[in-house]
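I opened a notebook on this structure to get my bearings. The entries follow the order in which I looked things up.

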Amino acid sequence: MAEEPGAERNDVAVLRTDVAGGRDEQFAAFVDAAGSYLLHTAELLCGDRARAQDLVQATFERTYRSWGKARNGDPRAYARQILMNLRIDGWRRTRRELLAAPGDLPAPATPDHAAAVTARSTVVRALALLPVAQRRVVILRHLLDLTEAEVARELGISVGTVKSHNARALTKLREILSEGDRS
């Protein structure tokens, strides 16, 4: 039987009722189930693995503090919202996102690796060139497979704004990626 898209979301939702034990055991099971998902999301938002790991650690800390509330809903969505809020707070503190220039990002360690690794690196670099608001919409909409309404709700913007940011971002990504193909 093939696994359906979105089945992972249901696994986390089942987690809160299927895990026996107390609060700590439930939270530990949640961390095991959602850790890689949150780290992947944070890496896409930060463009830096070390910063992403710090962001996920802070996310788990805040989620644990309010675990009773988180486990009664969708704990992964709750943690993802905390992750986004922490990242936004970081942007506000610095007032300006300081990203490495695409040429300053390290090249893949072994260029002989599969084409998928190179393609992922190219996409991450292209995402880093987008404005913050557009990058957030693209990540939530296309990489995390949220609907336009879910993205709008999570970012606190209208569905029309999500559509507008998405269209502009995809146009810009096409330009960036087509320029890369020519060189």
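**Confidence.** I am working with a predicted model. I looked up the confidence first: the mean pLDDT of the protein chain is 80, and 74% of the residues reach 70 or more. By element, helix H1 (residues 7–18) has the lowest mean pLDDT, 44, and H8 has the highest, 94. I noted that pLDDT stays under 50 over residues 1–17. For that stretch the model has 20 contacts beyond four places in sequence. Where pLDDT is low, the predicted coordinates should not be read in detail.

**Make-up.** I counted the secondary structure next and found 9 helices and 0 strands. Of the 183 residues in the protein chain, 33% count as buried. I then checked the contacts between residues at least 6 apart in sequence: 61% of them join residues at least 24 apart. The accessible surface comes to about 10900 Å², and carbon and sulfur atoms account for 52% of that surface.

**Core.** Which residues touch the most other members of the largest nonpolar core? I found Phe 30, Leu 38, Val 56, Leu 127, Leu 140 and Val 151, out of 37 residues in that core. Helices H2 (23–46), H3 (49–65), H4 (67–72), H5 (75–94), H6 (115–128), H7 (132–143), H8 and H9 (159–182) are the elements that each give two or more residues to this core. The largest share, 10 residues, comes from H2.

**Helix H3.** I took H3 as a case to follow. H3 has 17 residues and reaches 24 Å from its first C-alpha to its last, close to the 24 Å expected at 1.5 Å a residue. Its buried residues are Ala 52, Leu 55, Val 56, Thr 59, Phe 60 and Thr 63. An α-helix has 3.6 residues a turn, so residues three or four places apart point the same way. On the other side of H3, I found Asp 54, Gln 57 and Arg 65 exposed.

**Helix H8.** I repeated the check on H8 (residues 148–155), where Val 151, Ala 152, Glu 154 and Leu 155 are buried. Seen down the axis of H8, these residues fall within an arc of 165°, so they too line one face of their helix. I listed the contacts of Val 151, leaving aside neighbours within four places in sequence: Val 137, Leu 140, Arg 141, Leu 146 and Val 162. Last, I noted that H8 is followed by Gly 156, whose phi is positive, near 70°.

Technical notes. Residues numbered from 1 in each chain as written. Predicted model: local features only at pLDDT ≥ 70, side-chain atom pairs only at ≥ 80, totals over all residues. Heavy atoms only, no water. Buried < 20%, exposed > 50% of the residue type's maximum accessible area, 1.4 Å probe, protein only. Helix = DSSP H or I, 4+ residues; strand = E, 2+ residues; numbered from the N terminus. Arc of directions from axis to C-beta. pLDDT = per-residue confidence, 0-100. Contact = heavy atoms within 4.5 Å. Areas by Shrake-Rupley, 256 points an atom, 1.4 Å probe, with all protein chains shown as cover. Core = buried A, V, L, I, M, F, W, Y, C linked by side-chain atoms within 4.5 Å. Expected span 1.5 Å × (residues − 1).
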